[in-house]
Amino acid sequence: MRPTMTRTLAWLPIVLSLLLPAACGSDEGAGTEGGLQADASNDLGSLDNDLGGIETDTIGTLIGPAPVIEGLLPTMGPTAGGTIALLRGSGIRPGATVTIGGTAAEILKAIDSGRLAIRTPAGSKGGAEVVVANPDGASGKLADGFTFADSDAPKLDLTSLTPAKAKADGGTVILAQGKGLQPQALIFVDWEPRDGLVVQDAGHALFTTPKLPKGTWDVAVTNPDGQSDTLPAGLEVMAVADLKDPAPKIDGVKPAVASTKGGTVVAVSGTGLVDGSLLLLGEQMVDSWKVTGAESGTFTAPAHDPG
């Protein structure tokens, strides 16, 4: 009879995340004030030969290098608009505007000179030109940079975060729950994309918070098909000293070996364990986790590859 394969749970990182209680400008050249002679503007207009290709407009205002658009993520979204997308490029100046298919997009946040978080406008089905225009008039274009297309996938609905509080110094594991989550979805916190969203299934996804400023921030998820949904003020970021509950700590698990077929009941010992906490084996959430006391809990090991 072939022996049942086993694995050592101690080798798998076990991460526990608490559910905290609810109580807890543009550059301009010389002006043209009254009395400025006509030949003065002509002299200013010739400066492009001496300034490394910087252009001027017809009245002599200096125009900086044009912004460059590398692409949008995602690259598509519904014709009704509303896709929360990341525009990537370079040379994007404060106050820049974005149009898609000739219609203005909403600037949610100018992250830096190479990234803008935007909300797409409504558009006609098919490819659309994306234009970024800096306040000085310099602009960059990307033909067919975004495609308007309606998806047949289930509607995305982001309903909650557990926990809804996070440490300002980062490292809090958050469970996002809802419907219609797709693999490779993006998550935005304070309108900045955050790495590491792991979609467990259509209703659950996990991410670990980076360092964030204290405050209450909107959280949004965007699927690859362009569907987006937002939890306004969904995450409160606090200093560690302001958090009511201590961080959980796992001291050990028994047994430390389980069948690859699953079904082994495992006891966990530690400190700071509370009802509503999450248990992860690697990046897999364990639904059977149950807290039995401040220093103990149990779960039934799921099926897993050897290791």
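This is a predicted model: local features need pLDDT of at least 70, side-chain atom pairs count only at pLDDT 80 or more; totals for chains, interfaces and linings use all residues.
**Exercise 1. The open sheet**

*Solution.* Reading across the open sheet, the five strands come in the order S15-S22-S21-S17-S18, and their pairing is mixed. The next step is to look at the edges, where strand S15 (165-167) and strand S18 (192-194) stand; each has a single partner strand, so one side of each is left without a neighbour in the sheet. Finally, if direction is ignored, neighbouring strands of this sheet are turned against each other by 40° on average.

**Exercise 2. The pair S17 and S18**

Find how many bridges join strand S17 to S18, and then examine the loop between the two strands.

*Solution.* Strand S17 (residues 186-189) and S18 run antiparallel and are joined by three bridges. Within this pairing, phenylalanine 188 has proline 193 in S18 as its bridge partner. The loop between S17 and S18 holds aspartate 190, whose phi is near 55°, a positive value in a residue other than glycine. To classify its accessibility, recall that buried means under 20% relative accessible area; aspartate 190 has 16% and is therefore buried.

**Exercise 3. Another positive phi**

Decide whether glutamine 184 is buried or exposed, and describe its backbone.

*Solution.* Glutamine 184 is found in the loop between strand S16 (173-179) and S17. Its phi is near 70°, which is again a positive value in a residue other than glycine. This deserves a remark, because most residues other than glycine have a negative phi. The cut-off for exposed is over 50% relative accessible area, and glutamine 184, at 75% relative accessibility, therefore counts as exposed.

**Exercise 4. Cis peptide bonds**

Describe the peptide bond that joins leucine 73 and proline 74, and the one from threonine 162 to proline 163.

*Solution.* The bond that joins leucine 73 and proline 74 is cis, with omega at about 0°, and proline 74 lies in the loop between strand S5 (68-73) and strand S6 (76-77). The bond from threonine 162 to proline 163 is cis as well, with omega near -5°, and proline 163 belongs to the loop between strand S14 (157-162) and S15. As background, most peptide bonds are trans.

**Exercise 5. A hairpin**

Through how many residues does a hairpin join S10 to S11?

*Solution.* The hairpin joins S10 to S11 through two residues. Strand S10 (residues 106-112) and strand S11 (residues 115-119) pair in the antiparallel sense, over five bridges. In this pairing, alanine 110 stands opposite leucine 116 in S11.

**Exercise 6. An aromatic pair**

Which two residues form an aromatic pair, and how are their planes arranged?

*Solution.* The count of aromatic pairs comes to one. Phenylalanine 146 and phenylalanine 148 form this pair, with 5.2 Å from centre to centre and 80° between the planes. Since planes over 60 degrees apart count as edge-to-face, the arrangement is edge-to-face. Phenylalanine 146 is buried, with a relative accessible area of 0%, and phenylalanine 148, at 2% relative accessibility, counts as buried too.

**Exercise 7. Contacts of threonine 97**

With which residues is threonine 97 in contact, leaving aside its neighbours within four places in sequence?

*Solution.* Threonine 97 lies in strand S8 (residues 97-100) and is in contact with Val131, Val132 and Ala133. The C-alpha atoms of threonine 97 and alanine 133 are separated by 5.3 Å, although the two residues are 36 residues apart along the chain. At 45% relative accessibility, threonine 97 counts as partly exposed.

Definitions and conventions:
Residues are numbered from 1 along each chain as its sequence is written. Side-chain values use heavy atoms; hydrogens and water are left out. Two strands pair if DSSP finds at least two bridges between them. Helices (H or I, at least four residues) and strands (E, at least two) are DSSP runs, numbered from the N terminus. Rings of Phe, Tyr and Trp (its six-membered ring) pair if their centres lie within 6.5 Å; planes under 30 degrees apart count as stacked, over 60 as edge-to-face and the rest as tilted. Buried means under 20% relative accessible area, exposed over 50%, partly exposed in between (1.4 Å probe, protein chains only). Axes are lines fitted to C-alpha atoms, for helices over the stretch in contact, and angles run from 0 to 180 degrees between N-to-C directions. Contact means heavy atoms within 4.5 Å.
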